[in-house]
Amino acid sequence: MICWSTSAACRPRVSPEMQIERVGAEQVARLGGPAGVASHLRSLVPGGDSVEGAVREILDRVRTEGEDAVRDYTRRFDTAGNDPKPLLVTAEELDDAIRLLPLELVAGLQVAIANVALLAQAGVSEDVPVDLPQGQRITLREVPVASAAVYVPGGRAPYPSTVVMGVVTARAAGVLDVSVCSPPGADGQIDPVILGVCRLCGVERVYRMGGAQAIAALAYGTESVERVDVVVGPGNLYVQEAKRLLSATVGIDGFAGPSDLLVLLGAQAGPDELRLVALDMLAQGEHGEGSLVVAVSPQGRVSGELAAVLEDLVVDRPTVGDAAFALVEVSDAREAVALANAFAPEHLQLIGEEMEALAPVVTAAGCLFVGPASATAFGDYVAGSNHVLPTGGAARFASMLSARHFRRRMAEVRIGDAAGKLTAAGAPIARSEGFEVHAESMEARVRENPAQ
């Protein structure tokens with residue numbers, strides 16, 4: 001049975017792989033409301049600061065020792081002590097891998113590729129010319145970065161969907177040079193499914209490397225790893241902390257670490273809806289250790305009934321892993337949405353009329369799924385929304401992976417006849433800051449063309 005106390009001593013496992021904690025309405029008040037509950041829930045899983053020291057050591061070694069350090073870490077962390085194969089996968093290996101993909105998988109991937117591409121292309125902007133009052137014209141130009149890399153996690157299974165999310169979005173943004181890296185297994189090889197979908201997406205360069213060392217190699221470059229302008233993709237805390245620490249050296253998409261899901265469930269949920277929610281929660285639990293899965297509902301019967309459904313379903317679903325599960329009771333639907341905005345989940349689901357009606361009030365979520373049919377799993381694969389999303393509460397300020405992560409805006413400035421008016425405004429500002437030559441530089445334009 002599930003023990004509802006939040007005491008660590010009173011949280012027996014429902015199965016060898018699952019724990020559930022409940023936060024009652026009275027505890028919500030003791031914790032200081034939605035913001036306090038959000039902090040409490042985040043404390044159930046470790047954050048990036050827990051691995052910062054180890055990651056810094058890895059980055060320093062790769063920066064100073066290059067590929068030797070990458071190979072050493074690959075041997076230690078990925079290939080079970082076996083000598084790693086060359087980091088760069090050959091074109092022949094990619095060609096061989098695509099022939100192994102089942103036709104059913106290829107068909108599904110083609111749907112995902114098409115939908116992700118359509119949404120990504122919608123985020124690509126044309127140049128925007130702006131004529132300002134003094135007569136100058138500034139054109140806002142968007143240009144793609146020259147190169148990008150997509151990190152595809154390893155773990156208990158291959159993630160071909162992550163190849164699609166990263167590579168297709170980068171291509172839609174106009175990036176011509178897109179590479180992929182993924183950790184090899186004990187045999188030194190990347191799963192052939194990953195290699196096959198890389199070829200399906202037109203990737204020419206794939207690296208057998210993972211972890212923080214892979215991010216460092218892509219940021220600094222090594223003997224056989226090309227330095228890139230942007231690195232994107234999900235991964236464990238070590239991968240994401242490496243991205244954070246290197247964000248002044250290479251562009252990143254954000255902190256896309258261990259997964260989290262928040263479900264807001266209406267008080268009138270029936271057995272069918274409870275089962276759907278339980279399946280959605282267990283599905284996110286498949287992401288394993290460090291993931292955080294929470295359901296929030298108004299006070300009443302819902303939490304207890306959902307707990308019973310979870311307890312029943314988890315028995316025959318051993319893949320739910322070691323994610324942290326919690327159930328929270330709040331006073332009403334609006335307090336539930338306030339908690340969601342404070343928690344800023346990677347995935348947010350609204351189920352039940354009272355919750356779904358508040359979708360416009362949601363301001364902080366990586367991706368919002370509305371209605372009982374809108375399972376988060378659709379977004380993970382084929383809906384068209386990107387599954388590389390901000391985690392750890394970063395949805396307060398960060399966005400899902402999009403074409404914008406691979407493009408940069410620059411202003412093209414043409415002053416022309418506006419020099420006189422702008423000098424009259426700008427020179428006093430420059431002198432107030434102690435920059436006499438800035439003022440002189442502007443004034444020189446007027447002296448050379450007195451008509452202005």
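Buried here means under 20% relative accessible area, exposed means over 50%, and partly exposed is in between, using a 1.4 Å probe and protein chains only. This is a predicted model, where local features need pLDDT of at least 70, side-chain atom pairs count only at pLDDT 80 or more, and totals for chains, interfaces and linings use all residues. Residues are numbered from 1 along each chain as its sequence is written, and side-chain values use heavy atoms, with hydrogens and water left out.

**The chain overall**

- The chain has 452 residues, and 50% of them count as buried.
- Its secondary structure comes to 17 helices and 14 strands; helices (H or I, at least four residues) and strands (E, at least two) are DSSP runs, numbered from the N terminus.
- Taken along the principal axes, the C-alpha atoms fill a box of roughly 85 × 55 × 45 Å.
- Take the contacts between residues at least 6 apart in sequence: 71% of them join residues at least 24 apart, where contact means heavy atoms within 4.5 Å.

**Helix 12**

- Helix 12 covers residues 302-314, which is 13 residues, and spans 18 Å from its first C-alpha to its last. That is close to the 18 Å expected at 1.5 Å a residue, the expected span being 1.5 Å times one less than the number of residues.
- Its buried residues are V302, S303, L306, A307, L310, L313 and V314.
- Looking down the axis of helix 12, these buried residues fall within an arc of 135 degrees, so they line one face of the helix. The arc is that of the directions from the helix axis to the C-beta atoms.
- As background, an α-helix has 3.6 residues a turn, so residues three or four places apart point the same way.
- The partners that the buried residues of helix 12 pack against are strand 1 (19-23), strand 9 (260-265), helix 11 (271-285), strand 10 (292-298) and strand 11 (324-330).

**Salt bridges**

- The structure holds 26 salt bridges, each being a side-chain nitrogen of Lys or Arg within 4 Å of a carboxyl oxygen of Asp or Glu.
- R42 and D260 form one of these, with the closest N and O atoms 3.2 Å apart. This pair links distant parts of the chain, since R42 sits in helix 2 (residues 34-42) and D260 in strand 9, 218 residues apart.
- D260 counts as buried, at 1% relative accessibility.
- R75 pairs with D83, and their closest N and O atoms are 3.2 Å apart. R75 is partly exposed because its relative accessible area is 25%, while D83 is exposed at 61%.
- R75 and D83 also belong to a network of salt bridges that links them with R61, E65, D72 and R76.

**E241 and R244**

- The side chains of R244 and E241 meet in a salt bridge at 2.5 Å, N to O.
- Both residues are in helix 10 (residues 237-245), and being three residues apart there, they are separated by about one helical turn.
- R244 is partly exposed, with a relative accessible area of 39%, whereas E241 is buried at 2%.
- Leaving aside neighbours within four places in sequence, E241 is in contact with G48, V51, E52, V55 and F255.

**Positive phi outside glycine**

- A80 has a positive phi of about 55 degrees although it is not a glycine. A80 is in the loop between helix 4 (67-77) and helix 5 (91-98), and it is exposed, with a relative accessible area of 62%.
- A344 also has a positive phi, near 50 degrees. A344 is in the loop between helix 13 (333-343) and strand 12 (347-351), and at 0% relative accessibility it counts as buried.

**A nonpolar surface patch**

- V111, F378, Y381 and V382 form a nonpolar patch on the surface, with about 360 Å² of accessible area together.
- Patches are made of residues with over 30% relative accessible area and no salt bridge; like charges are joined within 9 Å, and nonpolar side chains (Val, Leu, Ile, Met, Phe, Trp, Tyr) within 5 Å.
- Y381 lies in helix 15 (residues 376-381) and counts as partly exposed, at 48% relative accessibility.

Terms used. Areas by Shrake-Rupley, 256 points an atom, 1.4 Å probe, with all protein chains shown as cover.
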